[in-house]
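Hi everyone, thanks for making time for this. I'd like to walk you through one structure, so please have a look at the sequence and the model as they come up.

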Amino acid sequence: MPDENFLSQVPAASALFLREDEVRRGIEFLFFAHASLWRAIDARLAEKELGRAHYRALYFIARQPGLTISDLLALLGITKQSLGRVVKELEAREYLTTRPGNRDRRQKELRLTDAGRAAETVIFGMLRDTMSRAYTHAGQQAVTGFWQVSEALVPARERRRIAMLGKDTG
């Protein structure tokens with residue numbers, strides 16, 4: 001049962017938390033946690049013949065309906081060509097629609113269809129359950145610390161964009 005109580009196996013950060021070994025431990029946890037989180041949904045993505053990039057697009061469009069192509073490009077940090085392929089595939093599968101922007105007709109706004117919302121909801125549920133288990137094990141203070149460290153890793157110029165996700169911008 002020691003695997004269930006994994007926090008007892010993770011040493012607390014020392015007062016010398018900026019030492020190389022401590023920084024390496026944090027980077028390694030980020031690598032392995034990221035891989036584990038995606039593995040939690042890979043099988044479901046494969047069943048739906050979707051890749052991780054497809055889901056990331058669905059996720060952010062679900063969080064902010066009407067998101068423009070340029071905003072999604074900035075959030076995902078991928079090339080226009082890569083995003084173009086993802087958007088075309090999701091449109092062909094009737095998971096999203098595009099329409100001219102309300103403020104600028106040259107921009108394309110993205111919205112999920114009912115099928116797109118359903119797919120995103122199922123996959124998000126799996127991620128939510130995985131994160132909830134980890135949050136429960138770690139506790140409120142650790143979650144707050146995790147958010148603070150994660151936020152500090154994001155460049156200051158990007159934090160506002162992240163803070164706006166899920167808020168009505170219309």
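You can find E49 in the loop between α1 and α2. Is E49 buried or exposed? E49 has a relative accessible area of 66%, and because the cut-off for exposed is over 50%, E49 counts as exposed. Please keep in mind that we are looking at a predicted model.

There is another residue of this kind: E94, also not a glycine, has a positive phi of about 60 degrees. E94 sits in the loop between α4 and β2. With a relative accessible area of 57%, E94 is exposed.

Now let's step back along the chain to helix α1 itself. Helix α1 covers residues 20-47, which makes 28 residues. From the first C-alpha to the last, α1 reaches 41 Å, close to the 40 Å expected at 1.5 Å a residue. Where does α1 bend? Look at I41: there the helix bends by about 40 degrees. I41 is also one of the buried residues of α1, together with E22, W38 and L45. What covers these buried residues includes α2 and α5, the latter being residues 114-138.

What is the order of its strands? This is an open sheet of three strands, ordered β1-β3-β2, with antiparallel pairing. The edge strands are β1, residues 67-68, and β2, residues 96-100, and each of them pairs on one side only. As a reminder for anyone new to sheets, strands pair through backbone hydrogen bonds, either parallel or antiparallel. Here, two bridges join β1 to β3, which spans residues 108-112, and these two strands run antiparallel.

Helix α4, residues 80-92, packs on it and touches β2 and β3, with a direction that makes about 110 degrees with that of β2. Helix α2, residues 52-63, lies across β1, β2 and β3, running at about 95 degrees to β3.

While we are here, have a look at T68 in strand β1. T68 counts as buried because its relative accessibility is 8%, and the cut-off for buried is under 20%. What is T68 in contact with, leaving aside its neighbours within four places in sequence? The answer is Q107, K108, E109 and L110.

In soluble globular proteins, nonpolar side chains tend to be buried together. In this model, the largest nonpolar core has 27 residues, and L72 and L90 are those with the most contacts inside it. The elements that give two or more residues to this core are α1, α2, α3 (69-76), α4, β3 and α5.

Let's finish on L90. Not counting residues up to four places away in sequence, L90 touches L50, H54, A57, L58, Y95 and L96.

Methods. Residues are numbered from 1 along each chain as its sequence is written. This is a predicted model: local features need pLDDT of at least 70, side-chain atom pairs count only at pLDDT 80 or more; totals for chains, interfaces and linings use all residues. Side-chain values use heavy atoms; hydrogens and water are left out. Two strands pair if DSSP finds at least two bridges between them. Helices (H or I, at least four residues) and strands (E, at least two) are DSSP runs, numbered from the N terminus. Contact means heavy atoms within 4.5 Å. Axes are lines fitted to C-alpha atoms, for helices over the stretch in contact, and angles run from 0 to 180 degrees between N-to-C directions. The expected span of a helix is 1.5 Å times one less than its number of residues. The bend at a residue is the angle between axes fitted to the seven residues ending there and the seven starting there. Buried means under 20% relative accessible area, exposed over 50%, partly exposed in between (1.4 Å probe, protein chains only). A nonpolar core is a set of buried Ala, Val, Leu, Ile, Met, Phe, Trp, Tyr and Cys residues joined through side-chain atoms within 4.5 Å.
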